[in-house]
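Dear colleague,

I am handing over the structure below for your reference. My findings follow it.

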Amino acid sequence: MRHGRMRAFYHVPVKQQPLFITFVYSTEIFFSIQMNVVRSAGSGGRRSSLKFQNENPSAKQLVRRPTCTIAELMGKTKFSKDEICHLYRTFKQDCPSGEVTKAHFASVFATLFPSGECFRYSVFLFRNIDRTNSGFIRFEDLLVTLSLLVHGSIEERIGWIFDLYDLNKDGMLTRLELLQMVAAIFQLIVPVCKLNFTSITSAIEERTNQLFEIWDMHGDGHVYKEDFLRYCLQNETIRKSMEMLKSNICS
């Protein structure tokens with residue numbers, strides 16, 4: 001994400017920011033950096049990168065290698081052999097251990113969003129990339145997620161967002177899960193120095209209630225994935241924000 005756009009985004013009142021567009025901006029900044037690596041494949045040019053620093057660089061660590069072959073990764077993603085090889089070389093250079101822990105991932109987000117409180121959001125995003133619940137992100141995990149956000153259909157990308165909101169991964173959202181995600185996004189985009197606990201808490205609850213009333217189509221206290229997909233696909237603002245995510249990551 002361009003830093004000027006982020007600064008302008010901070011000045012928009014939180015209540016006026018559609019939740020999906022907020023997600024687009026907060027996710028774009030991380031994955032757009034990863035796409036710079038793809039675009040530099042074979043070019044020999046300079047690349048943008050994020051360093052996943054080891055907590056103890058002098059300690060000898062177990063190096064985890066990908067569990068999939070290149071052919072298997074090509075089948076799981078829409079990246080070419082050259083792109084996958086280049087991405088892997090970069091991943092190994094930035095993360096010699098072959099894995100990214102939750103703490104390392106959170107520290108990266110802290111550098112990308114220095115004005116906000118990003119730990120909670122980074123943990124939620126980490127869980128949605130670490131689909132095997134292993135406690136670390138492997139190269140395969142990052143590659144599959146990046147491929148889905150760049151090359152996936154709009155249904156697949158919206159489904160990925162639902163999975164992000166679905167904190168316990170049971171296939172449905174509760175009001176509490178949505179409240180936690182909305183709170184994490186508010187903390188991410190509102191500078192810590194400007195936080196007012198009372199007003200922010202009220203805004204979070206109000207936004208959560210608004211969204212849940214729309215998405216809880218059966219009135220049973222749950223939001224189901226098929227209903228979520230149907231609503232999002234029929235909403236022009238959401239469709240445009242998803243295309244914005246895709247185009248900005250690739251730009």
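N128 touches W160, D163, L164 and K169, leaving aside residues up to four places away in sequence; contact here means heavy atoms within 4.5 Å. N128 lies in helix α6, where helices are DSSP runs (H or I, at least four residues) numbered from the N terminus. With a relative accessibility of 0%, N128 counts as buried (under 20% relative accessible area, with exposed over 50% and partly exposed in between; 1.4 Å probe, protein chains only).

Please note that this is a predicted model, in which local features need pLDDT of at least 70 and side-chain atom pairs count only at pLDDT 80 or more, while totals for chains, interfaces and linings use all residues. Residues are numbered from 1 along each chain as its sequence is written, and side-chain values use heavy atoms, with hydrogens and water left out.

Helix α6 (residues 119-129) also packs against helix α5 (residues 102-112), at an angle of about 125° and with the axes 9 Å apart; axes are lines fitted to C-alpha atoms over the stretch in contact, and angles run from 0 to 180 degrees between N-to-C directions. The contact is formed by K102, F105, A106 and F109 of α5 together with F119, Y121, S122, V123, L125, F126 and I129 of α6.

In helix α11 (residues 225-234), the buried residues are D227, F228 and C232. These residues lie on the same side of α11 because they cover an arc of only 125° around the axis, the arc being that of the directions from the helix axis to the C-beta atoms.

Conventions:
Helix = DSSP H or I, 4+ residues; strand = E, 2+ residues; numbered from the N terminus.
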